[in-house]
Amino acid sequence: MSSAPNISLPKPTITPISQPFWDNLKQKKLSLQVCQSCDKWIFYPRHHCPYCFGTSLVWREASGKAKIKSWSVVQRAGHPAWQERTPYVVGVVALEEGPSMLTHLWVDQKDLAYQKEVEISYEEINQHVLPFFKPRSIE
Amino acid sequence: MTKRPKGAIIGVGELKPTRYSEGKTTLSLLTEAALLAIKDAGISKEDIDGLLVGPQVGETPQHVPATVSEYIGLEPTMSNTVDLGGATGAGMVWRAAAAIEAGMCETVLCVLANKNEKGEALRSPNRNPIREFDVPFGASGANTSYALLKRQHMEVYGSKQEDFAQIAYWARKNAQLNPNAIFYGKPLEVEDILNSPIISDPLHLLEIVMPVAGGAAVIVTSEEKAKKAKNKPVYLKGAGEKITHRAVSQAPAIDALPFGYCIPHALKQAEIAISDIDLLSLYDCYTSVVAVTLESTGLCKPGEFGDFVQKHSFGHDGDYPLNTHGGQLGFGQADLAGGMSHVIEAVIQLRGEAANRQIAHAKRALVTGNGATLSETTALVLGGEQ
């Protein structure tokens with residue numbers, strides 16, 4: 001199982017439940033599920049609401065705005081294909097709607113800061129559009 | 001009296017970690033560790049009627065208890081796979097006691113081992129949802145997850161690199177008194193840790209456990225049977241467990257991690273306070289885990305481990321003996337067997353058999369286990385008296 005050469009970046013392993021999330025990203029829309037019983041936003045996509053066990057979930061477009069909760073500048077990647085791109089920054093962001101997600105940060109290392117405001121940046125990798133985040137533009 | 005699982009550890013077996021397994025299989029290492037524990041307990045294989053094993057991802061994905069039973073040569077009346085990552089070892093001990101109390105068996109072999117072949121990639125085959133929502137962004141593996149945890153701690157509380165380095169320093173220092181430790185004879189200074197390469201900022205190489213080959217087993221039996229045991233029994237006095245998430249992005253807030261539940265639960269079952277503990281045997285795959293574990297014990301407040309580790313000493317003769325075997329940071333991590341090393345050191349100390357690293361008057365130990373990224377947590381209170 002030694003690392004194979006020319007291995008490609010790992011694609012998301014999409015399920016029928018998460019399919020709308022990835023489809024909407026292709027339209028440059030970040031959409032999350034919202035529970036119709038308790039009104040909470042949910043990430044990652046699920047069959048039910050983990051807060052109240054409601055099963056009536058609808059997809060709604062999110063703002064794409066978030067704040068940085070944590071980050072790491074990766075020097076030694078856990079996946080061989082990502083090693084070629086080191087150093088790079090991954091982070092956990094808290095979306096304005098509530099949920100947290102892991103993401104890739106297009107933020108200069110010197111500008112990384114706790115609670116820094118960021119916004120979505122749609123990045124196409126291996127025919128999939130991934131929600132990366134970049135410094136928030138001035139409105 | 002508080003309801004709790006009752007049982008006692010009467011035998012332990014631990015293989016000296018080696019960097020690579022050189023021709024051994026996980027099943028053969030499991031057997032080696034099991035036979036050591038059976039011998040230590042002074043029992044025969046016919047006495048074993050319970051078996052707890054860990055998952056062996058990629059090698060024996062299913063039917064693990066049957067495969068291990070058959071290979072070792074056991075016919076248990078209770079068996080199961082315990083799948084709690086680094087909390088598996090501690091999680092096995094209370095499950096064994098619970099199964100004994102339920103009348104399903106009387107003497108349980110809890111065994112973990114792992115081979116480590118040179119050139120073999122250590123990446124585990126992550127499954128959904130972490131595979132779908134973390135890996136494509138460049139976050140594979142534990143190093144990045146624990147880097148994110150450490151960064152959050154530093155940002156929220158202002159903890160410093162020097163504070164985390166103290167934890168690795170003491171682990172390595174304590175390992176100098178354990179000839180079985182992978183880093184025996186290789187002491188480190190704080191500066192060495194701070195100057196080691198950054199793997200995933202802010203995490204240094206020397207804050208991360210070394211993957212090794214090895215194995216560990218303990219034998220848990222009823223309190224009644226333990227009274228007739230060859231060794232001084234080590235009793236399970238209390239246990240606590242909590243699982244909150246899998247992926248680091250879905251973790252609770254840094255002051256609401258699951259050790260905050262399971263450590264007080266274990267102390268409550270044991271009807272003691274943290275000040276009654278003589279040995280802290282705390283799971284330490286990364287320095288940051290010990291930091292937040294200490295903050296969950298009540299010895300220091302959330303965010304204040306830095307002051308605590310700078311003010312105290314953590315050797316066997318220190319004011320807070322911590323991981324006197326070197327911890328996994330000093331001893332090596334044979335995958336899930338690494339977590340069991342914290343149980344085994346507690347047993348050795350409570351028996352009074354720790355030789356040159358023996359804690360004076362050791363009566364009670366707090367043992368913790370941690371899986372994924374502070375996701376699966378278990379705490380045990382072990383005591384030398386019933």
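Visitor: At which residues of chain A does UniProt place the feature "domain: ChsH2 C-terminal OB-fold"?

Guide: This is a predicted model, in which local features need pLDDT of at least 70, side-chain atom pairs count only at pLDDT 80 or more, and totals for chains, interfaces and linings use all residues. Residues are numbered from 1 along each chain as its sequence is written, while chains are lettered from A and ligands numbered from 1 in the order in which they are written. UniProt positions follow the numbering used here, with feature names shortened, and annotations may be inferred rather than shown by experiment. The unreviewed entry places this feature at residues 59-106 of chain A.

Visitor: What percentage of that span is strand?

Guide: Helices (H or I, at least four residues) and strands (E, at least two) are DSSP runs, numbered from the N terminus. The end C-alpha atoms of residues 59-106 of chain A lie 26 Å apart.

Visitor: Which element of domain 1 of chain A gives the most to the side that touches domain 2 of chain A?

Guide: Chain A is assigned domain 1 (15-62) and domain 2 (63-139), with bounds from an automatic or database domain assignment. In contact (C-beta atoms, placed from the backbone, within 7 Å) are 11 residues of domain 1 of chain A and 12 residues of domain 2 of chain A. Two or more residues on the domain 1 side come from each of α1 (19-26) and β2 (41-42) of chain A. With three residues, the element that gives the most is α1(A).

Visitor: Which element of chain A gives the most to the side that touches chain B?

Guide: The contact joins 33 residues of chain A to 32 residues of chain B. On the chain A side, β4 (65-74), β5 (88-95) and β6 (100-104) each give two or more residues. The largest share, six residues, belongs to β4(A).

Visitor: Which residue is the bridge partner of Val74(A) in β5(B)?

Guide: Strands count as paired if DSSP finds at least two bridges between them. β4(A) pairs with strand β5 (residues 198-201) of chain B in the antiparallel sense, over two bridges. Within β5(B), the partner of Val74(A) is Ser200(B).

Visitor: Which strands are the edges of the open sheet of nine strands in chain B?

Guide: The sheet runs in the order β3-β2-β4-β7-β1-β8-β11-β10-β9 (chain B), with mixed pairing. An edge strand here pairs on one side only, and that applies to β3 (78-81) and β9 (279-281) of chain B.

Visitor: What angle does the direction of helix α9(B) make with that of β8(B)?

Guide: β9(B) pairs with strand β10 (residues 364-371) of chain B in the parallel sense over three bridges. Helix α9 (residues 259-270) packs on the sheet, touching β8 (234-243), β10 and β11 (376-383) of chain B. Axes are lines fitted to C-alpha atoms, for helices over the stretch in contact, and angles run from 0 to 180 degrees between N-to-C directions. The angle between α9(B) and β8(B) is about 150 degrees.

Visitor: How many residues does α3(B) give to the side of domain 1 of chain B that touches domain 2 of chain B?

Guide: Chain B divides into domain 1 (8-118 + 213-236) and domain 2 (141-209 + 238-383). Their contact takes 29 residues from domain 1 of chain B and 33 residues from domain 2 of chain B. On the domain 1 side, the elements that give two or more residues include α3 (88-101) and β4 (107-114) of chain B. α3(B) gives the most, and its number of residues is six.

Key. Contact = placed C-beta atoms within 7 Å.
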